[in-house]
Amino acid sequence: MEAMQDRDVGNLMSASISSRDLSAAPRVLVVDGSKVVRQLISRVLQKELPQAEVVDCGTGADAHKLLQSGVFDFITISLRLPDMDGLELARYVRESAPQIYVPIVVVSGDVDDRLHRRALGEHVTDYFDKSLGFQALAEFIRGYVRPESAAEGVVLYVEDSRVVALATRRMLEKIGLTVRHVVSVEDALALLETERAQGVVGADLVLTDVSLKGELTGGDLLQRIRTEFGYGKGKLPVLVMTGDENPDNQAALIRAGANDLVEKPVEERLLVTKLLFQLRVAQHLRARESAGVP
């Protein structure tokens, strides 16, 4: 058991998203059938990431040519392209070295249906809902190509493996996050209830494994946060770690209100990027709410 835990930690701490040196100017490929959307994305990226080289194209065939001519550090793909499904292009990227580890993010306004069915496929690194706006997209991409060295926020972390919890806690604390670690859902609910009685949420984000000691699972925690406590995705984001590759079970977690899933074994850079993005989105939504912006 201890050997398995050590192996999990080794996997957890590995990061193989991209083999290219990101101290160089990052190259971003934007693939979308709409010229207007490509221009909007490129304009925002050039403003927010002036050091980045942004290349865009409108078809899968054009993307093939660009991918053969050079290496990219980040690729955004629309689900619907004029000549192919965006997921076909993602599969091509994965099968074409040296692009195999590049982050591929689906940027779409109709991602929800496939997301809920967990039908985005194994070739996609992440997804982005276009309705959040292109400014949020720039922040999202920055998290991948220019990871933050410092962050603020309180993470309620639910994990019953001492070894894995120690590694993850160090990972989060080294970038400035405050980690409140508990070993069971029961302990997490008690903490949230105590904080609610004092008029506060108690955390900026919940990070939980699915399988935990005790009678309750991470899925139960998610359900109670969304229903019993009434905390929406913006008020208290929940990031769920799962080793279950069954798309139906993953879909159930998304439908229950998970902001996102991280499959195990966890890559450090991917976990931190997803977590920081959810924190930024939640802060953005709370700021809009405080300002009375719908």
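Modeller: Two strands count as paired if DSSP finds at least two bridges between them. Strands (E, at least two residues) and helices (H or I, at least four) are DSSP runs, numbered from the N terminus. This is a predicted model: local features need pLDDT of at least 70, side-chain atom pairs count only at pLDDT 80 or more, and totals for chains, interfaces and linings use all residues. Residues are numbered from 1 along each chain as its sequence is written, and side-chain values use heavy atoms, with hydrogens and water left out.

Start with the order. Five strands form an open sheet, 2-1-3-4-5, with parallel pairing. Strand 2 (53-57) and strand 5 (126-129) each have a single partner strand, so one side of each lacks a neighbour in the sheet. The twist averages 20° from one strand to the next; axes are lines fitted to C-alpha atoms, for helices over the stretch in contact, and angles run from 0 to 180 degrees between N-to-C directions.

Now the pairings. Strand 1 (residues 27-31) and strand 3 (residues 74-77) run parallel, joined by four bridges. Here Val28 has Phe74 of strand 3 as its bridge partner.

Helices pack on this sheet too. Helix 3 (residues 60-69) touches strand 1, strand 2 and strand 3, where contact means heavy atoms within 4.5 Å. Its direction makes about 145° with that of strand 2. Helix 6 (residues 134-145) touches strand 1, strand 3, strand 4 (104-108) and strand 5, and its direction makes about 160° with that of strand 5.

Four bridges join strand 5 to strand 4, in parallel. Val106 stands opposite Tyr127. Both faces of strand 5 are covered: Asp126 and Phe128 on one side, Tyr127 and Asp129 on the other, are all buried (under 20% relative accessible area; exposed is over 50%, partly exposed in between; 1.4 Å probe, protein chains only).
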